[in-house]
Amino acid sequence: DRKKLVVIGGDAAGMSAASKVRRSQPDWEIVVYERSPHTSYSACGIPYLIGGIVEAASSLIARSPETFWEKHQIQAKTRHEVEKIDPKKKRVMVKNLATQRTGWETYDYLLIATGTSPIRPEIPGVQAQGVFSLSTLQSGILAKNYVTANQPKRAVIVGGGYIGLEMAEALLERGLSVSLIDRNEQVMGTLDKDMGLLVSHYLEDQGVQLFLEESLTKIQTDAAQKVCAVETDKRTLDAELVILGIGVKPNSELAADAGIQLCDSGTIAVNDRMETSEPGIWAAGDCASSRHLLKNKDIFISLGTVANKHGLVAGSVIASEKATFPGVLGTAITKFKDMEIARTGLSETEAVALAIPYQKTTIESSTIARYYPGSGKITVKLLCRKDNGLVLGAQIAGAQGAAKRIDTVVAAIQGKLTVQDLVYLDLAYAPPFSGVWDPIQIAARQLV
Ligand code: FAD
């Protein structure tokens, strides 16, 4: 019989799930509510949009609501916000943001894929014009338009995570002077200190003014309510543009209000079939928890790669197929100018915190054969268990071609390989691609 799936949130997780259900269940009614003006956009592309590497915002949209309807008979209703879930009556309250009209919509199956919201510090001036945090494509378009219209000269980025780094690159590219504040003693807090230091030094080398162990305390505005300076606990920095990249929180209030169980991290608790505590309701993407394969606990991770996989699993299960999501390793990759950075599994800091006996090594090598044009430096930090050699994690910083090598380590951890196994993996080699020993294997050799 004809079932009805309602999806809340029309981006990575929501649309992956909707598309999967459509492929498996051609007759079902599928309705997606999305409060922003866009569906299936790449938030990951926003820094490149603002930096001008990507010209048109439209090229960050994989599929528009029109395409979803014409090609897949999925009704994607943008500018519609779900305000309440009523699990008992299997219905959601939806507000049409264009007309401000509210009404109830019933469902047979419900998927919550509401993503995250950026954390905004509660400090004076945070509402000023010229202060941006990035989340939806719309938020990126607004930031880009502001930069184009106001031509700021000085930017302050708050937060040295990957969004902070990618925005630093984008704004340098546009000719702004860039300062970056982070309250920690290093940028890229998911790296160990030694690896984070490599990144900090490179940022400074490329002209980013770093202010570490400093916290944003106030944003100063001019008469037109535009940002003109930021204050930290140590200094005042002039700035006509501020980018907040201090983290995100899961959009799980709707679920919580409906009595659905949350994890300590604030994400919606799900099992490996993406089922919530409420029968008939699934959650996927940034708003849902993920099991960390090495920590053996549910964590909050906000990544597009995970969101798409969550969506595929949720869609499969909703459509009555077998699928399970195995979990995550906290794999992440980014780049700042000519430095690529990646990490997976446990850092040394995390291994210590979990009291896991580990061995570590850090090696320096070359991304490709040293004699081949374009070769550059690569630093690999690799960790394995001390007792049995199982690979635990890695961090990489280096020139072009360095970071994607993390994927070898990901496969090794998920496949439960040891460093000994890594040494003899039959990896590809020719001078334009690597040395005869891949840098990952050079590191592994140090640990056997
Ligand atoms: P979202 O993409 O957040 O989508 C959720 C949607 O739900 C939103 O469109 C929102 O408007 C809508 N919504 C929320 N509440 C409601 C409601 N009540 N009613 C209706 N609609 C609602 N990840 C990577 O893996 N690699 C990267 O390089 C990377 N770079 C990034 C760069 C930036 C600047 C940003 C902001 C993010 C980046 N990410 C990256 C993270 C990635 O974009 C997210 O993890 C991914 O988009 C999560 O997908 P999602 O579908 O779970 O949530």
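A residue is near a molecule if its C-beta atom, placed from the backbone, lies within 6 Å of that molecule. The close-ups below come from a predicted model, in which local features need pLDDT of at least 70, side-chain atom pairs count only at pLDDT 80 or more, and totals for chains, interfaces and linings use all residues. Residue numbers start from 1 along each chain as its sequence is written.

**View 1. The shell around the ligand.** Here 34 residues surround the ligand, and the closest are G9, D11, C44, G115 and G285. Two or more shell residues come from each of α1 (12-24), β2 (29-34), α2 (46-51), β4 (80-86) and α8 (304-318); helices (H or I, at least four residues) and strands (E, at least two) are DSSP runs, numbered from the N terminus.

**View 2. A284 in the largest nonpolar core.** Such a core is a set of buried Ala, Val, Leu, Ile, Met, Phe, Trp, Tyr and Cys residues joined through C-beta atoms within 7 Å. Of its 127 residues, L111, I112, V242 and A284 touch the most other members. Helix α5 (residues 162-173) supplies the largest share, seven residues. Beyond four places in sequence, A284 is in contact (C-beta atoms, placed from the backbone, within 7 Å) with A13, A17, L111, A113, M274, A307, H310, G311 and A314.

**View 3. A76 on strand β3.** A76 sits in β3 (residues 75-78). It counts as buried because it has 26 C-beta neighbours inside 10 Å; the cut-off for buried is 20 or more other C-beta atoms within 10 Å, with 12 or fewer for exposed and partly exposed in between. Leaving out residues up to four places away in sequence, A76 touches G10, V32, E34, T39, P65 and F68.

**View 4. A five-stranded open sheet.** The strands follow the order β21-β22-β25-β24-β23 with antiparallel pairing, and two strands pair if DSSP finds at least two bridges between them. At the edges, β21 (332-336) and β23 (358-366) each have a single partner strand, so one side of each is left without a neighbour in the sheet. From one strand to the next, the twist averages 15 degrees; axes are lines fitted to C-alpha atoms, for helices over the stretch in contact, and angles run from 0 to 180 degrees between N-to-C directions.

**View 5. Strands β22 and β25 with helix α10.** Six bridges join antiparallel β22 (residues 339-345) and β25 (residues 391-398). E340 stands opposite G398 in β25. Helix α10 (residues 406-414) packs on the sheet, touching β21, β22 and β25, and its direction makes about 5 degrees with that of β22.

Conventions:
Two residues are in contact if their C-beta atoms, placed from the backbone, lie within 7 Å.
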